[in-house]
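Please read the following points alongside the sequence and the coordinates.

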Amino acid sequence: MTLKIPETIDGSLNRRGFLLGSSVVTVGFLAGCGGSSSSTTSTTPTSPSLTDTDYLNFALNLEYLEAEFYLRAATGTGLGAADTGNSTSKTTGGAQVAGVTTLQSDYINEIAQNELDHVRFLRAALASSAVAAPAIDLTNSFNALAMAAGLGSTFDPFTSYANFLIGAFIFEDVGVTAYHGAAKLLTNKTNLTAAAEIHAVEAYHAASIRSQIVLAGSALIATANAVEGVRSTLGGGNETTLSATGIVAANATTSIGFERTTDQVLHIVYGTGNGAGVKGGTFFPSGLNGNISVTNS
Amino acid sequence: MPTQETQQLDDVIASSRRRLLAMGGVALGSVVFSKFASAQSATLTDADYLNFALNLEYLEANFYTLAASGQTIDQMGISLTGTGTQGTVTVKSGGPTACQVPFANTLVQSYATEIAMEERNHVTFLRGALGSAAVAQPAIDLVNSFNGLATLLAGLNLSSFDPFASDINFLLGSYIFEDVGVTAYTGAAPELTSSTNLDAAAGIQGVEAYHAGLVRTVIFGLDQAATTLGPPGTASAVATAISKLRATVDGSNSISSTRAQGDDIGLGTQSVALNGTSDFTASTLVNATTTGSINAAGSTGTAGSLVFARTAAQVLAIVYAGGTGMGGFFPAGLNGNVK
């Protein structure tokens, strides 16, 4: 564990930095960084004129992010040109995770393979409509998120397996809620089936990561829940506090998994609070590519 | 290692199939498929699919609640009434309390408690969504079913299996259900016509995948050291045999000669290609397609790290343990129009 103790002064300054790019800053964000985890109602859905292609491209952006994160964690190198549509990589940061055991390496490699496959699957399905990988930041993003979570001024998920688990934790539950939210919006049954099949893979990942964090003990659980608090604030709730009896993220009454609107997902990956007109930030400093890239609410 | 494993799996499959045939499940794949194909022609509704799911949730909820608390779900206040024939749960000879797992690992106990609650919530949710159309709990067998399945796990020489006997046995019992739940909901999702129902089904599918991911991660982790079942690797071998049996019973392993594993991946390691290098070793915590032509950069293919989808007929073949219309976990069959 190399997480730093919260630094109050820097934290408050940088917390503002985390919000740069947001046209609207909600009070709830600043007040809610501690870790609220209840579910809330959904925000208004995105424009109904969006097509399956738009939603699949939205997913592709998220898969680019995940693939870059896990491939770099596994091998030190991210997606190649043939998998991004870019002649040179637009991703910054990331490195092979240091000091991992063979078993831990096997775990990282598996998820890297899965996310790489998802990129390839979606690019193949979208064919000439596929968006290229947008700019992705794997350095400043985690630092900003750590500050928002009160975890210190910097956070590098590539320096240890414990930190890697926290980095992975940030993505997986979000991926689950994004695919769940998109499922009912898809009009083509083939696309729906594919989305459902990827949705479940993300849930397998999320459970594996969450259970490994629980196994690591109370310190790492607390770190994860601090991050979860930020996610909850940015993403409209839809979180279950991680614990030995809270591995699954789902509605407490029905035990149905959470879902998020595209706006809620964008707010999380852009690291900005509620409000229309947010165009990018944090993990995607220049925003997503495709027709779903600016928040409507 | 992969080659050796593949050969071993092939042997398991062939042997399992022989034993299934010996048990009287003649050409069970095609029989079940054709039987269901005719049923399917009488258009199934969303309620039929939700009731199909409800039957599976009754099974899961009872299994986990017995394991965690030594009670059946009706003892926890859940109503079992509805259309069809209501049945009871066959439990160990000592009754429900004898089914409470003597957990040695408090984390595993916590997982059992959580999953039990979530599966009960699924029962309650589906019963509420279906209202008066909800099916009654069918007869469920949690003793002879596991014993029968154990004998079908070729190469392991098991004559019986008690999923309530220990931590690792409980996890392997869970393994039998969770991946199947995922594939069942995945297969049903595109069949649903109501957006609300689809949304709920996707949400439950995700939770089943969380469960499956949890169970597979914990088994694989514990199995790195000796368990009560044997030396490291023993539990994973049992899990892999279960996967092979499922893929055999549902007929998927014969669909493609290039994918002998069919629609079910066991626990172990695989060789994957990352960044053009093909010798990375990876775990198989996710039950999904991870081998195929799509693993080459810029190529297209049918793999893509997607979970598998099963038809209702394939799911029935598994929960009936190869039987037609009934058997295995449901000795009198499911209630509802999908059975």
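1. The model is predicted, with local features needing pLDDT of at least 70 and side-chain atom pairs counting only at pLDDT 80 or more, while totals for chains, interfaces and linings use all residues. Residues are numbered from 1 along each chain as its sequence is written, and chains are lettered from A and ligands numbered from 1 in the order in which they are written.

2. On confidence (pLDDT, the predictor's own value for each residue, from 0 to 100), chain A has a mean of 87, and 84% of its residues reach 70 or more. Residues 1-44 of chain A, however, stay under 50, although the model has 99 contacts beyond four places in sequence for them.

3. Chain A comprises nine helices and two strands, taken as DSSP runs numbered from the N terminus (helices H or I, at least four residues; strands E, at least two). From the N terminus on, its elements run α-α-α-β-α-β-α-α-α-α-α.

4. Helix H7 (residues 189-216) and helix H8 (residues 218-234) of chain A have axes that come within 6 Å and cross at roughly 135 degrees, and H7(A) is therefore oblique to H8(A). The contact involves Ile213(A), Val214(A) and Ala216(A) from H7(A), and Leu220(A), Ile221(A) and Ala224(A) from H8(A); by class, these residues divide into six nonpolar, no polar and no charged.

5. Of the 297 residues in chain A, 61% are buried, that is, have 20 or more other C-beta atoms within 10 Å of their own.

6. The contact between the chains takes 56 residues from chain A and 55 residues from chain B. On the side of chain B that touches chain A, the largest share, 18 residues, comes from H7(B).

Notes:
Axes fitted to C-alpha atoms, helices over the stretch in contact; angles between N-to-C directions. Parallel < 35°, antiparallel > 145°, perpendicular 65-115°, else oblique. Contact = placed C-beta atoms within 7 Å. Nonpolar A, V, L, I, M, F, W, Y, C, P; charged D, E, K, R; others polar. Buried ≥ 20, exposed ≤ 12 C-beta atoms within 10 Å, placed from the backbone.
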